[in-house]
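Please keep the sequence and the 3D view open while reading.

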Amino acid sequence: MAFKYSSSLPIPLISRCASCQAPTARSHRQASLFRPFTSTISQRAIAAPPIDFASQHNLPALNVQNARVIPASPSYFSGRPDFTDNLLNLQALLRKYQTLPTVAPGQAPRVAWRTVSQYRLLVGEPVRASKYHQVVEILRRLNQIHPAVMPPELQEAMQIYKRDVNPYAVVKQMSVIDEDGRACGIGRRKSSSAKVYLVPGEGEVLVNGKSINNVFGRIHDRESAIWALKATGRIDKYNVWALVSGGGTTGQAEALTLGTAKALMVHEPDLKPALRRAGCVTRDPRRVERKKPGKLKARKMPAWVKR
């Protein structure tokens with residue numbers, strides 16, 4: 001295909017012969033790299049005709065069979081589109097509201113966020129724990145915004161990440177002293193439970209209507225039952241009347257320890273630090289480990305025999 005020589009090219013691009021001033025072959029090769037196409041056939045073979053967007057009549061008709069639906073989310077083709085959308089949305093909200101006043105980390109409202117397993121069920125995607133940790137970090141930062149200026153848009157976006165039941169919103173019901181001067185405390189240990197009534201008195205202890213010496217034969221169990229009173233020096237100032245059930249003597253004695261400590265804190269709340277140092281406030285969650293099949297006990301294996 002032949003091209004017409006364009007005389008509108010700049011002079012430096014055309015090299016001429018020194019004697020006859022005729023263009024050389026090198027000048028034609030240089031000019032062909034810079035001049036536009038002059039053949040309409042070449043234009044139709046390389047590029048589509050231009051579209052006039054100002055007029056809707058010139059637009060080509062829509063081919064429904066070959067048309068594809070445009071994804072609503074830019075993360076549609078990623079491995080975890082819902083998680084990616086949630087993360088991008090939270091990051092956008094953080095950039096938008098990061099200048100709002102915040103409260104101290106210890107004064108922010110306590111919120112129980114969904115665990116990674118609960119979030120996986122919510123979005124239906126295999127989200128890694130490290131990836132979900134990024135979401136939780138942004139949520140904690142957004143939760144530090146002062147509640148008085150918290151935007152409704154932010155509250156609605158954070159609501160889907162909260163647990164259905166917030167354990168921090170549950171207010172513990174405090175025990176009170178009844179009209180007879182009794183304070184009640186309930187303690188548990190292993191499979192034993194004890195309900196303890198504490199009243200001011202001379203130091204009498206009755207367990208299921210019997211003396212403590214008749215119920216607990218071991219000295220260690222007797223000391224464990226009234227350890228909360230002994231650790232605080234209140235043995236001769238309160239009378240103890242308790243009901244115990246379940247388990248053995250050791251479990252019942254340690255259940256009495258927790259129940260007595262709770263009842264004592266109703267009478268004297270200032271004794272809580274001393275009772276905590278004595279180990280009387282925290283519930284002991286340990287239980288007997290079950291026996292497994294193929295083993296003699298919970299973990300003991302039978303003796304290995306070579307033959």
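1. The side chains of arginine 189 and aspartate 284 form a salt bridge, with 3.4 Å between N and O; the term stands for a side-chain nitrogen of Lys or Arg within 4 Å of a carboxyl oxygen of Asp or Glu. This pair links distant parts of the chain, since arginine 189 belongs to strand 1 while aspartate 284 lies in the segment after helix 11, 95 residues apart. Helices (H or I, at least four residues) and strands (E, at least two) are DSSP runs, numbered from the N terminus.

2. Before going further, please note that this is a predicted model, in which local features need pLDDT of at least 70 and side-chain atom pairs count only at pLDDT 80 or more, whereas totals for chains, interfaces and linings use all residues. Residues are numbered from 1 along each chain as its sequence is written, and side-chain values use heavy atoms, with hydrogens and water left out.

3. Arginine 189 counts as buried because its relative accessible area is 8%, whereas aspartate 284, at 22%, is partly exposed. Here buried means under 20% relative accessible area, exposed means over 50%, and partly exposed is in between (1.4 Å probe, protein chains only). Both residues also belong to a network of salt bridges that links Arg189, Glu254, Asp284 and Arg286.

4. The structure holds 12 salt bridges. One of them joins the side chains of lysine 96 and glutamate 153 at 3.3 Å, N to O, and this pair again links distant parts of the chain, with lysine 96 in helix 3 (residues 81-97) and glutamate 153 in helix 6 (residues 152-159), 57 residues apart. Glutamate 153 counts as partly exposed because its relative accessibility is 38%.

5. A further salt bridge connects arginine 218 with aspartate 221, whose closest N and O atoms are 3.8 Å apart. Arginine 218 is partly exposed, with a relative accessible area of 45%, but aspartate 221 counts as buried at 1%.

6. Five strands make an open sheet with the order 1-2-5-3-4 and mixed pairing, where two strands pair if DSSP finds at least two bridges between them. Strand 1 (183-189) and strand 4 (210-211) are the edge strands, each pairing on one side only. Strand 2 (residues 192-200) and strand 5 (residues 238-245) run antiparallel over eight bridges, and valine 199 has asparagine 239 in strand 5 as its bridge partner.
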